[in-house]
Protein chains: 2
Amino acid sequence: MSKLDVGTLGEYIREQRNAAQMSLRQLAKSAGVSNPYLSQVERGLRNPSAEILTQIASALRISAETLYVRAGLLEAHDASGVRTAIARDSSLTERQRRAMLEIYSAFVAENAAEHDPVTPTDVSEDTTNRTKEDHDGNHP
Amino acid sequence: MSKLDVGTLGEYIREQRNAAQMSLRQLAKSAGVSNPYLSQVERGLRNPSAEILTQIASALRISAETLYVRAGLLEAHDASGVRTAIARDSSLTERQRRAMLEIYSAFVAENAAEHDPVTPTDVSEDTTNRTKEDHDGNHP
DNA sequence: CCTGGCTGCTTGCAATTGCAAACACTCTGT
DNA sequence: ACAGAGTGTTTGCAATTGCAAGCAGCCAGG
């Protein structure tokens, strides 16, 4: 499932390439991929690996992130949200990440208790099952 | 060039899988990939496509971005996202806000200090999860 | 003991990626 | 007109991904 939207990905790459006024061969060479393959990718008949995508992004001087989003490989940025920010921060070790999430939850619960002692909110983590896909439960 | 760091990627995935207390087959099924392939990925002898990575990330309930960074497919972009998110969070008291920022800084400094060239997978003491006796059974 | 269930790992094999070579077409210049 | 240099596209083919089936080891409990 979660079929990649190769079509719009290819369109986007071609669009960016045209915007940069590069020929297919120029971009291909600069990105270190073959011209025919790039052609096929742009027309959506090939599903390029992430490695190729990064090379293309680099050659196009665009963010690899946006390219991934376009390819459907990455969720669009949620922007703010402490939990998502922590979850996304790759400079933290897993232990640290969990610690920070726990602390944050504790703080939020603490505040909720002060204002409205009836809801202990969600310090207890998700032992309950979540049927829907849920990446992060945050919204300040 | 742009050699993918499949080694640490695999380690990271396995680390996360163990942290989630899932068996290889469980994760494989949940991620929609085959068990043997996941095994090979975890041991760093296969270079999984981005599509597979997203599926694994989703099944592990971790950020796909983190996984990409770990795989060397994405630059670790600033990480100051955590600080701004904390700064903007209106549900925190000022004291809590400063505490979290301080903790975060401490964590980052801690990691910078260690600067371990090899496996930073240091899960030596973990109060939250209990990794069962890890009897290493493989030796290339 | 040994059957069943669990863990992860190895082995062929189909499908796909990604490339080198060659094709078709449009301009430009001589 | 024709050679030459651009453009993007098609065509086989090596290398790789990713999988189904099978293998080996470790525990519980008839």
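So, A:Arg98 and A:Glu94 join their side chains in a salt bridge, 3.0 Å from N to O. By salt bridge I mean a side-chain nitrogen of Lys or Arg within 4 Å of a carboxyl oxygen of Asp or Glu. The two residues sit four apart in helix H7 of chain A, so about one helical turn separates them. Helices here are DSSP runs of H or I, at least four residues, numbered from the N terminus.

Quick word on the source: this is a predicted model, where local features need pLDDT of at least 70 and side-chain atom pairs count only at pLDDT 80 or more, while totals for chains, interfaces and linings use all residues. Residues are numbered from 1 along each chain as its sequence is written, chains are lettered from A and ligands numbered from 1 in the order in which they are written, and side-chain values use heavy atoms, leaving out hydrogens and water.

Back to our pair: is A:Glu94 buried or exposed? A:Glu94 is buried, at 12% relative accessible area, whereas A:Arg98 is partly exposed at 28%. Buried means under 20%, exposed over 50%, and partly exposed in between, with a 1.4 Å probe and protein chains only.

A:Glu94 also meets A:Arg97 in a salt bridge, 3.1 Å from N to O.

Over in chain B, the side chains of B:Glu42 and B:Arg14 form a salt bridge at 2.6 Å, N to O. That one links distant parts of the chain, helix H3 and helix H1, 28 residues apart. B:Glu42 is buried at 4%, and B:Arg14 is partly exposed at 27%.

Across all chains, the search finds eight salt bridges.
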